[in-house]
Amino acid sequence: MGCYGDWFVDVNRIKTTNDIDIFIYGNDAFVLKPESKYWNTIKKNTPGIFWTRLESWAMPGVPDCYGCKDGVMFWVELKITKDKKIKLSPFQKAWHFNHARQGGRSFIMVHYLGDSLSCIFPSSIAVSLPALSVDHAKLTTSLPADAASWNQVQQFLLHCPLPPLPKLSPVISK
């Protein structure tokens, strides 16, 4: 018995290669990529948050996840990296910059696979890729994390003070 998204089904995990899990259910095969695994981990460990995962094709730049709890709404962009390089599209940079300028709550959560770390950054720094390093994270958690660490993640997403709003037009580089 395993979990695929919100569905519990009788699946067999047949192979793990390059951080990609392959599951067999009946005659169908499902591939669970690292970002999907990260999403499932976040959702499972923050049960008090109402989460919605969006499809990337919905609108370029819109973050992967929307969360809401007790009237506090926020967005989260998920990123996975092995080599500590974070890539954001020009659309993602612009969305995060403009959302932060309007006082919106949004974050970039990065899973550094090599170090087994999860880091959270306020989205207002999205236009500065060098700022998306472990040294500049506002919250860092080792994975796998215990319940207290996940509670800290949840409290951070809901209640952390956001940095001052950016005032200048973004300089977006590829």
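**Salt bridges, helices and a cavity**

Modeller: The side chains of Lys79 and Glu77 form a salt bridge, at 3.8 Å from N to O. Bear in mind that this is a predicted model.

Biologist: Are Lys79 and Glu77 buried or exposed?

Modeller: The cut-off for burial is a relative accessible area under 20%. Lys79 and Glu77 both fall in that class. The answer for the pair is buried.

Biologist: How many salt bridges are there by this rule?

Modeller: Side chains of opposite charge can pair when their charged atoms come close. Besides the pair already given, Lys69 and Asp70 meet at 3.3 Å, N to O, and Asp70 is exposed, with a relative accessible area of 69%. Glu35 and Arg53 meet at 2.9 Å, N to O. The count of salt bridges comes to 3.

Biologist: Which residues does Thr52 touch, not counting residues up to four places away in sequence?

Modeller: Thr52 sits in strand E6 and is partly exposed, at 27% relative accessibility. Its C-alpha is 9.6 Å from that of Trp75, a residue 23 places away in sequence. A contact needs heavy atoms within 4.5 Å. With residues up to four places away set aside, Thr52 touches Asp64, Cys65 and Tyr66.

Biologist: Which strands do the buried residues of H2 pack against?

Modeller: Helix H2 (residues 90–101) has 12 residues and reaches 16 Å between its end C-alpha atoms, close to the 16 Å expected. Its buried residues are Gln92, Lys93, Trp95, His96, Phe97, His99 and Ala100. Just after H2, Gly103 has a positive phi of about 85°. The buried residues of H2 pack against strand E8 (72–81) and strand E9 (106–112).

Biologist: Which residues is Ala126 in contact with, leaving aside its neighbours within four places in sequence?

Modeller: Ala126 lies in the loop between strand E10 (117–122) and strand E11 (139–142), and at 0% relative accessibility it is buried. Ala94 is 32 residues from Ala126 in sequence, yet their C-alpha atoms are 8.4 Å apart. Beyond its neighbours in sequence, Ala126 contacts Leu88, Lys93, His96 and Ile108.

Biologist: Which residues of H3 are buried?

Modeller: Helix H3 (residues 147–159) has 13 residues and should span 18 Å at 1.5 Å a residue, which agrees with the 18 Å between its end C-alpha atoms. An α-helix has 3.6 residues a turn, so residues three or four places apart point the same way. The buried residues of H3 are Ser149, Trp150, Val153, Gln154, Phe156, Leu157 and Leu158.

Biologist: Which residues lie nearest the centre of the largest cavity?

Modeller: The count is 1 cavity of 30 Å³ or more, and the volume of the largest cavity is about 60 Å³. Its lining has 5 nonpolar, 5 polar and no charged residues. Of the 10 lining residues, those nearest the centre are Ala100, Gly104, Ser123, Ser124 and Leu162.

Methods:
Residues are numbered from 1 along each chain as its sequence is written. This is a predicted model: local features need pLDDT of at least 70, side-chain atom pairs count only at pLDDT 80 or more; totals for chains, interfaces and linings use all residues. Side-chain values use heavy atoms; hydrogens and water are left out. On a 1 Å grid over the protein atoms alone, a cavity is a set of points where a 1.4 Å probe fits but cannot get out, and a pocket is an open set with protein on both sides within 12 Å along at least five of seven lines; lining residues have an atom within 4 Å of a point. Grid points are joined across faces, edges and corners, and a volume is the space filled by probe spheres set on the points. Ala, Val, Leu, Ile, Met, Phe, Trp, Tyr, Cys and Pro count as nonpolar, Asp, Glu, Lys and Arg as charged, and the others, Gly among them, as polar. A salt bridge is a side-chain nitrogen of Lys or Arg within 4 Å of a carboxyl oxygen of Asp or Glu. Buried means under 20% relative accessible area, exposed over 50%, partly exposed in between (1.4 Å probe, protein chains only). Helices (H or I, at least four residues) and strands (E, at least two) are DSSP runs, numbered from the N terminus. The expected span of a helix is 1.5 Å times one less than its number of residues.
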